[in-house]
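The following exercises are to be worked with the sequence and the three-dimensional model at hand. Each task is followed by a solution in steps.

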Amino acid sequence: MKFSEHLTAHLTPEWRKQYIRYEELKDMLYEATENAPQPEDYGEQQISRYFARFEEKFFQFCERELSKINTFYYEKVSEASRMFAQLQDEVRQVEAPPRPNTVQEKIRRKSSYFLGDFTDSEERETFKTNKRKVADLKLAFTEFYLSLVLIQNYQNLNFTGFRKILKKHDKMVQSDKGAGFRCDKVERATFYISKEIDHIIAETEALYINHLEAGDRQRGMNKLRVPPLAAKHTNWTTFLVGLYSGFFMLLMCLMVSGLIVSHMLSSDDDPPSNLSFNETLEGYDFFMNCSAIETTWGTIPAKVNCAEFREEWRPALRMYRGMFLLIFIIFLLGINTYGWRKAGVNHVLIFELDPRNNLSHEELLEVALFLAVLWAISVLSFMVCYWFNRWSYLNPLALAVIMLAFLLNPTRTLKYRARFWLLKILSHIAVAPFHPVGFADFWLADQLNSLQSVLLDFEFLVCFYTCEVLWVSRECNFTCYTYGYGARAIVASLPAWFRFAQCVRRYYDSRLAFPHLVNAGKYSTTFVVVIFSSISSQVEYSSRWENPYHYLWLISVFISSCYTLTWDIKMDWGILEGKPPNRFLREEVIYSEIVYYLALMEDFILRFAWMIALSFNVTGIVQPDITVTIFAALEVFRRFVWNFFRLENEHLNNCGMFRAVRDISIKPTKSDENNPAKVEAMMDQEERIPLAKTKQSWERRRRIHDSCEQARIHNNPLPSSMQDSEEDGYSPSMMTSKVTFHMGSDEDEPSTRTELRGHRKTGISVKPKYHLLATRNVSQEDNSDEDDEEDAV
């Protein structure tokens with residue numbers, strides 16, 4: 001791999017601008033060699049003057065880069081030193097209780113906690129408080145240790161970049177000034193000779209292990225260190241994705257074949273002449289033949305009531321539609337995750353996920369395709385049972401129960417970390433006004449706003465199995481899938497209420513009317529739309545165009561669409577800033593420009609897609625349930641596109657603040673003293689995966705320094721022995737073991753006025769990248785890099 005690709009793949013995305021601009025330096029070298037005077041046309045002195053001017057410009061650029069790196073490194077080291085001092089102070093105040101070494105001690109401790117083996121309630125409260133403080137402190141240590149490793153990685157990548165570009169300079173320009181610059185400047189730079197980060201890492205490990213893990217080094221290091229990017233489960237996950245994809249496509253082919261065969265069988269008998277065209281289409285396209293059908297598999301019995309028979313496909317469609325849309329959004333989220341990682345958006349930092357354990361895009365696709373296979377099997381089973389009139393409606397109920405059991409499974413299996421995280425965020429959403437709001441909370445609530453039809457379909461499922469199935473003896477005084485009773489209107493308003501309540505809570509915490517109250521106003525328009533839609537459907541008129549509430553609904557939904565479209569573009573995506581170089585987009589973009597313009601058109605069309613759906617319903621071209629299915633899927637797709645730019649916007653905010661790890665606050669603020677935000681402990685990883693931490697010795701640096709001094713005194717490049725030892729032995733570019741860091745973010749907007757000064761008001765975004773600390777053979781990489789780039793020259 002070329003170093004430029006290696007650097008791009010393993011740098012910390014939020015610090016991207018603070019790394020050596022290796023590509024620009026390399027382009028300068030290539031341009032200089034390509035535009036150099038030819039010996040046959042110019043004299044040797046002219047060529048020498050040309051390269052002298054170029055080298056002056058080149059080394060000035062290198063000095064600026066070196067100064068930038070030194071400054072940034074010094075700031076990060078100072079920040080790390082201050083944070084370490086705070087953690088030391090917290091450890092002195094909170095000492096973790098010793099870990100029980102025997103089974104009897106563990107049982108005694110648990111029984112004392114649950115059975116109340118305390119002298120009084122104050123002792124119990126003290127125990128719970130100390131336990132919570134220790135958990136918070138452990139989480140803070142893991143994030144701090146991660147930041148230290150990122151700084152160490154920053155050191156190594158930048159030194160490797162200087163070493164490689166200066167070596168390339170000497171090779172292409174036929175000069176030894178690059179080696180001299182390396183010895184005089186780079187080898188003496190603060191970011192290279194400083195050992196402070198190594199000392200802080202060692203002291204952090206000792207402090208954490210001795211005080212918070214009772215001296216258990218193996219357990220402590222498993223929680224501190226980020227596991228290597230092992231491919232242990234990757235191949236198996238890829239295999240399962242392919243397997244489930246094949247099964248799903250096969251089942252879909254069987255479903256389509258069943259539809260075609262059923263249509264062909266039903267077309268043998270002429271449809272009744274007294275049926276309208278739409279009734280005939282409904283009856284024959286969805287297995288609605290009212291007479292018995294003789295097939296090779298047996299006789300499909302006739303239905304007693306043909307009108308009811310033709311209507312029976314609608315409940316199944318409504319129930320299966322909601323479950324399919326849930327599976328569809330999980331699948332699209334897997335594609336979102338892949339796109340964020342490829343583009344450098346650190347979604348793990350944004351969502352405040354555990355960087356040591358989170359779902360990759362392949363695992364999300366695996367879950368989605370597994371559920372899709374179950375969905376397809378259930379639909380096929382429904383079709384077969386329906387043809388033979390054998391308890392067909394047990395199938396959607398069984399599928400709903402299986403999916404709910406998958407989510408609520410209390411055991412530590414089936415992606416339990418991801419499921420527990422999802423349930424935790426859903427609980428935050430449910431109590432929105434009474435819980436502090438983070439980015440993951442309002443992001444997931446925004447997803448629920450695009451799944452309004454899913455919630456309505458699940459409301460219909462509950463109503464259907466409560467009132468309308470044959471095995472229910474009771475009769476309800478209302479009709480499902482209508483606004484005749486209040487539950488449907490309430491369910492339709494729930495997603496908007498969740499976001500409205502979150503905006504009010506954020507205003508309460510920050511006292512900023514803009515953007516929080518303005519954003520709450522956007523979601524309040526949904527309440528008006530639902531109210532007029534409910535009234536319009538219940539008030540009877542000879543025509544919908546004579547119904548005044550229908551016009552009020554049209555006005556309210558138009559205002560809501562304009563409001564949400566404007567907020568999407570201006571606030572959520574941060575587009576149309578009017579600043580160069582992308583005057584119609586924003587100052588800094590991650591994706592190509594054409595992608596933004598296509599997304600703008602897509603968002604505009606799908607925000608007003610309700611007009612197309614309304615025209616379908618008025619003209620009767622498409623059945624209303626089919627229309628709802630199509631446009632519900634399009635809304636999920638719109639949210640999928642929205643996710644890319646929403647997180648990109650937040651990622652750029654984090655880059656502006658050089659924020660690469662989660663901010664874990666140990667000391668509560670005054671506003672949180674009475675209602676502290678609980679921090680989940682997310683590092684109970686049982687796998688014992690060591691992380692070898694190979695550090696360059698001080699003797700090694702001294703030996704390099706002495707060799708450089710000797711070379712500089714004799715005005716010669718580095719001795720060949722030094723070059724050989726550098727290529728064959730350990731160099732500063734050699735890094736520890738291969739490690740993946742996925743980091744996620746905090747909320748989209750600041751909670752205080754002070755935080756607002758360092759925060760852009762337009763939103764949130766981030767990407768996960770791989771930060772490689774891997775032992776490798778430097779000489780082989782150098783040679784391959786040089787050969788590849790020399791061929792290009």
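**Exercise 1. Determine which residues Leu 7 touches, leaving out those up to four places away in sequence.**

Solution. Contact is taken as heavy atoms within 4.5 Å. By this criterion, Leu 7 touches Tyr 19, Ile 20, Tyr 22 and Leu 157.

Before continuing, note the basis of the work: this is a predicted model, in which local features need pLDDT of at least 70 and side-chain atom pairs count only at pLDDT 80 or more, while totals for chains, interfaces and linings use all residues. Residues are numbered from 1 along each chain as its sequence is written, and side-chain values use heavy atoms, with hydrogens and water left out.

**Exercise 2. State where Trp 443 is placed, and decide whether Trp 443 is buried or exposed.**

Solution. Step 1: Trp 443 belongs to helix α18, residues 439-450; helices are DSSP runs (H or I, at least four residues), numbered from the N terminus. Step 2: buried means under 20% relative accessible area, exposed over 50%, and partly exposed in between (1.4 Å probe, protein chains only). Step 3: Trp 443 counts as buried because its relative accessibility is 6%. Step 4: the residues that Trp 443 touches, not counting those up to four places away in sequence, are Leu 333, Phe 351, Trp 642, Asn 643 and Leu 647. Step 5: for one of these, Asn 643, the separation from Trp 443 is 200 residues in sequence and 8.8 Å in space, C-alpha to C-alpha.

**Exercise 3. Describe the backbone at Glu 352 and at the bond between Phe 514 and Pro 515.**

Solution. Step 1: most residues other than glycine have a negative phi, and most peptide bonds are trans. Step 2: Glu 352 has a positive phi, near 60°. Step 3: Glu 352 lies in the loop between α14 (347-350) and α15 (361-387), and counts as partly exposed because its relative accessibility is 24%. Step 4: the peptide bond joining Phe 514 and Pro 515 is cis, with omega about 15°. Step 5: Pro 515 lies in helix α21 (residues 513-538).

Technical notes
Helix = DSSP H or I, 4+ residues; strand = E, 2+ residues; numbered from the N terminus.
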